[in-house]
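Me: Hi! I've got a model open and would like to talk through what the atoms show. Can you walk me through it?

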Amino acid sequence: MDLSILIPVYNSEKIIDDLVKEIIGSVSDIKLVNSYEIILINDCSIDNGWEKIKFLSKKFKFVKGINLAQNFGQHNAIMAGI
């Protein structure tokens, strides 16, 4: 894996699609990156963010999701992704 992108997600259901699309476009412009993954860490969102993450992980093989059981905060969510 050339690149891993970790993103903590909290109540961001409405923007996750656009975020993933923007990342795909940006990473495809980088010639040195042959493979990458996007890891979306749901920090116990109260919206349908986790459902959106599951949908994207089925749609794109390079998108992975982690669902935290409670809200641990941004930094701890990133640590869970690492």
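Me: Let's start with E51. Is E51 buried, exposed or partly exposed?
Reply: E51 is partly exposed, at a relative accessible area of 43%. Keep in mind that this is a predicted model.

Me: And what does E51 form a salt bridge with?
Reply: Its partner is K54, with the closest N and O atoms 3.3 Å apart. K54 is partly exposed too, at 31% relative accessibility.

Me: How many salt bridges turn up in the whole structure?
Reply: A search of the whole structure gives three. One of them joins D17 and K52, whose closest N and O atoms are 3.0 Å apart. D17 sits in helix 1 and K52 in helix 2, so this pair ties together parts 35 residues apart in sequence.

Me: Where do D17 and K52 stand on exposure: buried, exposed or partly exposed?
Reply: D17 is partly exposed, with a relative accessible area of 23%. K52 also counts as partly exposed, at 23% relative accessibility.

Me: What about E37, which residue does E37 form a salt bridge with?
Reply: That would be K64, with 3.9 Å between the closest N and O atoms. E37 belongs to strand 2 and K64 to strand 3, so the contact ties together parts 27 residues apart in sequence. E37 counts as buried at 13% relative accessibility, whereas K64 counts as partly exposed at 36%.

Me: OK, strand 2 then. How many of its residues are buried?
Reply: Seven of its seven residues are buried. Y36, I38, L40 and N42 point one way from strand 2, while E37, I39 and I41 point the other way.

Me: Which strands does strand 2 pair with?
Reply: Strand 2 pairs with strand 1 (residues 3-9) in the parallel sense, over seven bridges. Strand 2 and strand 3 also run parallel, joined by five bridges. For landmarks, L3 stands opposite Y36, and K64 in strand 3 is the bridge partner of I39.

Me: Which hand do the β-α-β units have?
Reply: Strand 1, helix 1 (residues 16-28) and strand 2 make a right-handed unit. Strand 2, helix 2 and strand 3 make a right-handed unit as well.

Me: Switching topic: which residues touch the most other members in the largest nonpolar core?
Reply: That core has 16 residues, and I7, I16, V20, I38, L40, L56 and V63 touch the most other members. Helix 1 gives the largest share, four residues.

Me: What is L40 in contact with, sequence neighbours within four places aside?
Reply: Its contacts include I7, V9, I16, V20, I53, L56 and V63.

Me: Last one: how many aromatic pairs are there?
Reply: Two, from a search of the whole structure. Y36 and F62 form a tilted pair, 4.9 Å centre to centre with 45 degrees between the planes. This pair links distant parts of the chain: Y36 is in strand 2, and F62 is in the loop between helix 2 and strand 3, 26 residues apart. F60 and F62 have ring centres 5.3 Å apart and planes at 35 degrees, so that pair is tilted too.

Me: What do those ring pairs link together?
Reply: They link Y36, F60 and F62 into a cluster. Y36 is buried at a relative accessible area of 16%, F62 is buried at 17%, and F60 is buried as well.

Technical notes
Residues numbered from 1 in each chain as written. Predicted model: local features only at pLDDT ≥ 70, side-chain atom pairs only at ≥ 80, totals over all residues. Heavy atoms only, no water. Phe/Tyr/Trp six-rings, centres within 6.5 Å; stacked < 30°, edge-to-face > 60°. Helix = DSSP H or I, 4+ residues; strand = E, 2+ residues; numbered from the N terminus. Buried < 20%, exposed > 50% of the residue type's maximum accessible area, 1.4 Å probe, protein only. Pairing = 2+ DSSP bridges. Right-handed = clockwise from strand over helix to strand, strands pointing away. Core = buried A, V, L, I, M, F, W, Y, C linked by side-chain atoms within 4.5 Å. Contact = heavy atoms within 4.5 Å. Salt bridge = Lys/Arg side-chain N within 4 Å of Asp/Glu carboxyl O.
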